[in-house]
Amino acid sequence: MISARGSEVPPLASPRFFSPPLSVAIVGAGPAGIHAAGALAELAPGTKTDVFERLPTPYGLVRYGLAPGHPESEKFVHSLHATLAASDFRLFCNVEIGKDLSVEDLRSSYDAVIIATGAPRDALLDIPGVELPGSFGSAEFVAWYNDHPYSSLQWPLNAESVAVIGGGNVALDVTRMLLAEAQSLQATDVSAEVREGMAGSRVREVHIFVRRGPVDARFSPNELCALGELPGVDVVVDAADVAPDRHIERMAKQSVHTRLAVETLRTFADPSADRTSHRRVHLHFYRQPTEILGSGKVEALRVERTVPDGYGHVTASGACTDYPVHAVYRAIGFLGTPLAGVPFDHGRGTVVHRGGAVVDESGSPVAGLFVTGWMKRGAAGLIGAARPDARQTVETMLHQLDSVGERRADRSGIARLLGAGNVVSVDWDGWLRIDAAERDLGVKHGRDRVKIKDREVLVGIGTNLPVHPQ
């Protein structure tokens, strides 16, 4: 493990006890932040941890980033709930750092601050026409169908032919939701508004464009299988794109997941498959977008064929094809959002750090400031990667704080600062009330849960104000 100074840091052999106990602020109550709280409880028992979240509810990506009905979502929620319940923490939801409190407020009130705000922005696609109406970032669409409090109330699903750009599971999630039947969402936690929006969808054909080949895409076998199981939808792959070659066979031998993904893709390419459905997904490999075409709105996507070099890299061929689509969804990755007072790499969309310790322009550690999750490593890796990543950051932090002399941080003033700004926060008990209210709505509609979207209603329930969901 690398410390803030780049030297080797041995893992902690046993818990650290600090006297007086450490006080730590964590910014972000998604998987990264919650696992940081769990690592603190394990590695530095007695630490007083405050978790801040700009939304009225915790769980971040697990609550607002997975496709409805995702088989792992409930398991993730239970895991995060158990981690928080086992920690000595205070939860401050509906508090935005950088607006309601500054990073400097936190640094002056705690021994350490851990940034875990995730990567909420879509990565940029620098091609002509990307700003045309009908060109969407996947983050916007994912937020809508997950009833994110800051998302659009309605979504335009009026294009019959749609392009999705990207070679990861988000592209598959977006595709599945574009073609999902409203009745298939009946058992999920989405709101009636989302199901009504899906019921009015006119989407009949989705083209997924992947710049590289099948073994270099980041599709998981389970997500590919889920795509193939969509009722009333055929998935089509060009057999030439998945034909055996040395690179494909080499990569398939190195990874079971890669081999299973390729096997699934080859079933989609089977020319004898019965394809009689009226709705279809076309998975195109070795294709990169060069321009979104249209006069005042999306009318087509120009795509260039790429040529593989046999080692996972591709070059442009110059041969282009125009696909007549009337909406384009960009699922090419996500970026973090800069936070005032925190050194930021705008190119990578991450906080500048070494081993989780934030560093300034000269490479020197910023005292008491740390980072974990996608703001640390970029938007890559499955949700399970948040746990070891948070542990590394906490270990780095404890080694650094161990070398510091007397600590004088006092977190008692945080409530006073929030009160002075008339900021109403939702605590852990408030979240449990929201959770109970959503489950009650679920019972009313014959489901486990119905998600509440309205931010004011969420805050009202979470703070015991007289506001109730309809």
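Start by selecting Asp435 and Arg449: their side chains meet in a salt bridge, 2.5 Å from N to O (that is, a side-chain nitrogen of Lys or Arg within 4 Å of a carboxyl oxygen of Asp or Glu). Asp435 sits in helix α14 (residues 428-444) and Arg449 in the loop between α14 and α15 (455-462), so the pair ties together parts 14 residues apart in sequence. Helices (H or I, at least four residues) and strands (E, at least two) are DSSP runs, numbered from the N terminus.

Before you go on: this is a predicted model, where local features need pLDDT of at least 70 and side-chain atom pairs count only at pLDDT 80 or more, while totals for chains, interfaces and linings use all residues. Residues are numbered from 1 along each chain as its sequence is written, and side-chain values use heavy atoms, with hydrogens and water left out.

Glu438 is buried at 0% relative accessible area (buried is under 20%, exposed over 50%, partly exposed in between, with a 1.4 Å probe and protein chains only). Now bring in Arg63 and Arg439, and you have the network of salt bridges that links them with Asp435, Glu438 and Arg449.

Next, jump to helix α12 (residues 386-402), where Glu395 and Arg391 lie four residues apart, about one turn. They form a salt bridge too, at 3.3 Å between the closest N and O atoms. Glu395 is buried at 4%, whereas Arg391 is partly exposed at 29%.

Last stop: strand β3 (residues 89-93), largely enclosed by the rest of the structure because four of its five residues are buried.
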